[in-house]
Amino acid sequence: VSADAFGGAVYNKGVAIIADSFFGDNYVAATAYGEYKNETYYWYDDEDNEHEYKDSHYYGDARVEGGAVYASGRTTISGSTFSGNTVSASSYGYAQAEGGAISAGGTTTISDSIFIGNAASTGGAISAGGTTTIENSIFANNMGTNGGAVYIVSGTATISGSTFTGN
């Protein structure tokens, strides 16, 4: 059994332009309780003797992305503030929580924006793949185990004129 959750305020799979906006205290969470499975496997050796292997697995994955914004298309964000946005995932299996404020794939441009106190296990403020450009933005006191402020999952990233403090 799996659980997925995306975009606490905005879920974009197309084209989005976000300007002069405030995203505060948005929260996305998922818990996967899963199920326990017992499996038995049989095989035969070279002498035709049957062997048995028993295995027990707990299945259940949780994936959570984008406390405020989840974007898989073309996204442009300018002059906006992201404060206190959080993603949280828990599971007995695999748990993934990316992008406390923004989880983005595709082509993403962020400019003149502020990210304060956002949290995720990966990319406290932003988790991004694809082509990412971040310009003239401020990142302060964001928390993430991997990438306190920004985590680039894949693709290319250009970051210029930005300030990172206390992440």
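**Parallel sheets, a nonpolar core and a cluster of rings**

Five strands form an open sheet in the order β4-β11-β16-β19-β22, and their pairing is parallel. Two strands are taken as paired if DSSP finds at least two bridges between them; strands themselves are DSSP runs (E, at least two residues), as helices are (H or I, at least four), numbered from the N terminus. The edges of this sheet are β4 (22-24) and β22 (163-165), each of which pairs on one side only. On average, neighbouring strands here are turned by 5 degrees against each other, direction ignored; axes are lines fitted to C-alpha atoms, for helices over the stretch in contact, and angles run from 0 to 180 degrees between N-to-C directions.

The model is predicted: local features need pLDDT of at least 70 and side-chain atom pairs count only at pLDDT 80 or more, while totals for chains, interfaces and linings use all residues. Residues are numbered from 1 along each chain as its sequence is written, and side-chain values use heavy atoms, with hydrogens and water left out.

The protein as a whole contains 0 helices and 22 strands. Of its 167 residues, 40% count as buried, where buried means under 20% relative accessible area, exposed over 50%, and partly exposed in between (1.4 Å probe, protein chains only). Among contacts with a separation of 6 or more, 72% are between residues 24 or more positions apart; a contact means heavy atoms within 4.5 Å.

In soluble globular proteins, nonpolar side chains tend to be buried together. The largest nonpolar core of this protein has 19 residues, and those with the most contacts inside it are Val69, Phe82, Ile102, Ile110, Phe115, Ile126 and Phe139. Such a core is a set of buried Ala, Val, Leu, Ile, Met, Phe, Trp, Tyr and Cys residues joined through side-chain atoms within 4.5 Å. The elements that give two or more residues to this core are β9 (69-71), β14 (102-104) and β17 (126-128).

Aromatic rings supply a further theme. The whole structure holds 4 aromatic pairs; rings of Phe, Tyr and Trp (its six-membered ring) pair if their centres lie within 6.5 Å, and planes under 30 degrees apart count as stacked, over 60 as edge-to-face and the rest as tilted. Phe23 and Phe82 form a stacked pair, 4.8 Å centre to centre with 0 degrees between the planes. Because Phe23 lies in strand β4 and Phe82 in strand β11 (residues 81-83), this pair ties together parts that are 59 residues apart in sequence. Both Phe23 and Phe82 are buried.

Another stacked pair joins Phe139 and Phe164, at 4.7 Å centre to centre and 5 degrees between the planes. Phe139 lies in strand β19 and Phe164 in strand β22, so parts 25 residues apart in sequence are tied together by the pair. These strands, β19 (residues 138-140) and β22, pair in the parallel sense over 3 bridges, with Phe139 opposite Phe164. Phe139 counts as buried because its relative accessibility is 0%, whereas Phe164, at 41%, counts as partly exposed. Ring pairs link Phe23, Phe82, Phe115, Phe139 and Phe164 into a cluster.
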